[in-house]
Amino acid sequence: MTKRIGIIGAGPAGLTAAYLLTKNKQQVTIFESDPVYVGGISRTARYKGYHFDIGGHRFFSKSKEVEDFWTEILPNDMLERPRSSRIFYRGNFFSYPLRAFDALTKLGIIESVLCVLSYVKAKLMPIKNPKDFQSWVSNQFGWRLFRIFFKTYTEKVWGMKCSEISADWAAQRIKGLSLGSAIWNAIKPKTRPKNRTNVIKTLIDSFRYPRKGPGMMWEVCAEKTREQGGTIHMGYRVIGCTFQQDKKNWLVKCECPQGQIIDQEFDDVISSAPMRELAQSLQPRMSPAAIRAAKNLKYRDFLTVVLILPDRKIFDDNWIYIHDPGVKVGRIQNFKSWSPEMVPDPQYNCYGLEYFCFEGDQIWAAKDEDLIALGKRELEKIGLASAAEVVDACVVRQPKAYPVYDDEYAVNVEILAKEIEASYPGLHLVGRNGMHKYNNQDHAMMTAMLCAENIIAGRKVYDLWQVNQDAEYHESGEAGKAALSGLRLVPSRVSS
Ligand SMILES: Cc1cc2nc3c(=O)[nH]c(=O)nc-3n(C[C@H](O)[C@H](O)[C@H](O)COP(=O)(O)OP(=O)(O)OC[C@H]3O[C@@H](n4cnc5c(N)ncnc54)[C@H](O)[C@@H]3O)c2cc1C
């Protein structure tokens, strides 16, 4: 039976669902609030022929279905890229993942000895019952190594002091990693793992990447969805979703590019819009407890200062983590290293200086010209180019880049998910902000793939909340619970 399906958002989740459903002859309409780009946070923005990501998007998944999907959409345009990244701290670039000899030579003999002494001190006199990230990591590695390799970057990304971040996050992130094993990892001969499914995702040494950036994947996916009969409305923001009890269907209300309001009926609605907004747009209205839960969901935002300059081939890393406390920038992307086709003229390069912020704070609210001036100053301070070399620049803002996992987020998400399941039949939540889960494209896509299967089957075959951060589906029951409990990937505040 053909169903009419409305999809909110043309990011990886919305487009994956749309592609699979139209392939299965379902009638699909996507509403995307962005007037220009599909791809959501995985879009590729463009400026005068330069292409750049929001962050840098590696295509890597432990799920074969996801890898196969990418190959089906772009059979001839995926590059296999080597991963190269370093850490910048006080004038030095350290290899990342760390290499012992490299780290020791760059720290210098005095700092290295001090690091060892501070490690010995941490082992002899550890902080009792460490409750915060700072105490936990210092106990593990010593204060000095904590300060160099953990403190500043963590604080830049999350906007919280390490002494305010709960220790359980550190225990999750760095579990099993002692100084001994870190040193062994750094000095042991490097071999390619036989089985990539055992690889720690953040440390993979190569990944796939569309030759014109991640947006290329989603632009082609959108094109193919249209060819299969789907409709994609760009610049349409969904502002209301009403479950019509009498007709047992949905009325989706949108604000269109010229400001007019339209509505359209659907049998099912798939939403990848942030849970916070969706919950407040539902009719009949959600319970006061659910509305409160929705309003309490929080996000971390992000902006990139893009600087275009002649390519002096100073560095060929994909990105550099900026641990140095003397600058505000958190990471620098070298888009040409992701793919040479990201720049229109091989004589030039395009760097993305990434600033983590909160919507409305000083960085977010600064004028573009002030941010560009800041970016140029900081690039010069780090020593990668002089400000005068920059010939052009622009700023790209990304609200709600990271759903925040604070102390209450899990309870809030559960309240919303349960009420939607019980009282809003035919409404399906998918994706990153759609389910308030901090994760990558593959995970967002897998929730959409299983959602499409549920809709085609006409019943709940899969529980989408059982997809874990590695885009693997866990059956309900004990295995499922264990998978979900491992979701603490972002930090929470120390409870007082
Ligand atoms: C800095 C950074 C680096 C990253 N690096 C990687 C990486 O290396 N590899 C990787 O796989 N993933 C990476 N990710 C994660 C990846 O970007 C996301 O997992 C993915 O984009 C989520 O897809 P989605 O469709 O769920 O959501 P989104 O990408 O957020 O898309 C949602 C879409 O819905 C639209 N929308 C929202 N509300 C409405 C509304 N009311 N009406 C209409 N449209 C609406 C939005 O405009 C957007 O287009 C990174 C993310 C960040 C922030």
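**Exercise 1. State how many helices and strands the chain has, and how much of the chain is buried.**

Solution. The chain has 16 helices and 20 strands, where helices (H or I, at least four residues) and strands (E, at least two) are DSSP runs numbered from the N terminus. The model is predicted: local features need pLDDT of at least 70 and side-chain atom pairs pLDDT 80 or more, whereas totals for chains, interfaces and linings use all residues. Residues are numbered from 1 along each chain as its sequence is written, and side-chain values use heavy atoms, without hydrogens and water. Of the 496 residues, 55% are buried, that is, under 20% relative accessible area with a 1.4 Å probe, protein chains only.

**Exercise 2. Describe the sheet that contains β1, and the helix α1 that packs on it.**

Solution. Step one is the strand order: 5 strands form an open sheet, β9-β2-β1-β13-β20, with parallel pairing; two strands pair if DSSP finds at least two bridges between them. The edge strands, each pairing on one side only, are β9 (231–234) and β20 (427–429). Neighbouring strands are turned by 15° against each other on average, direction ignored. Contact means heavy atoms within 4.5 Å.

**Exercise 3. Determine how α1 and α2 are oriented to each other, and which residues make the contact.**

Solution. The axes, lines fitted to C-alpha atoms over the stretch in contact, with angles from 0 to 180 degrees between N-to-C directions, come within 13 Å and cross at roughly 75° for α1 and α2 (residues 64–73). The two helices are therefore roughly perpendicular, a term for 65 to 115 degrees. T16, Y19, L20 and K23 of α1 meet F69, E72 and I73 of α2.

**Exercise 4. Characterise the sheet that contains β16, and the helix α13 that lies across it.**

Solution. Neighbouring strands are turned by 25° on average, direction ignored. Within it, β16 (residues 319–322) and β17 (residues 331–334) pair in the antiparallel sense over 3 bridges, with Y321 opposite R331 in β17. Helix α13 (residues 368–382) lies across β6 (85–89), β7, β15 (299–310), β16, β17, β18 (348–357) and β19, running at about 70° to β15.

Definitions and conventions. Buried < 20%, exposed > 50% of the residue type's maximum accessible area, 1.4 Å probe, protein only. Parallel < 35°, antiparallel > 145°, perpendicular 65-115°, else oblique.
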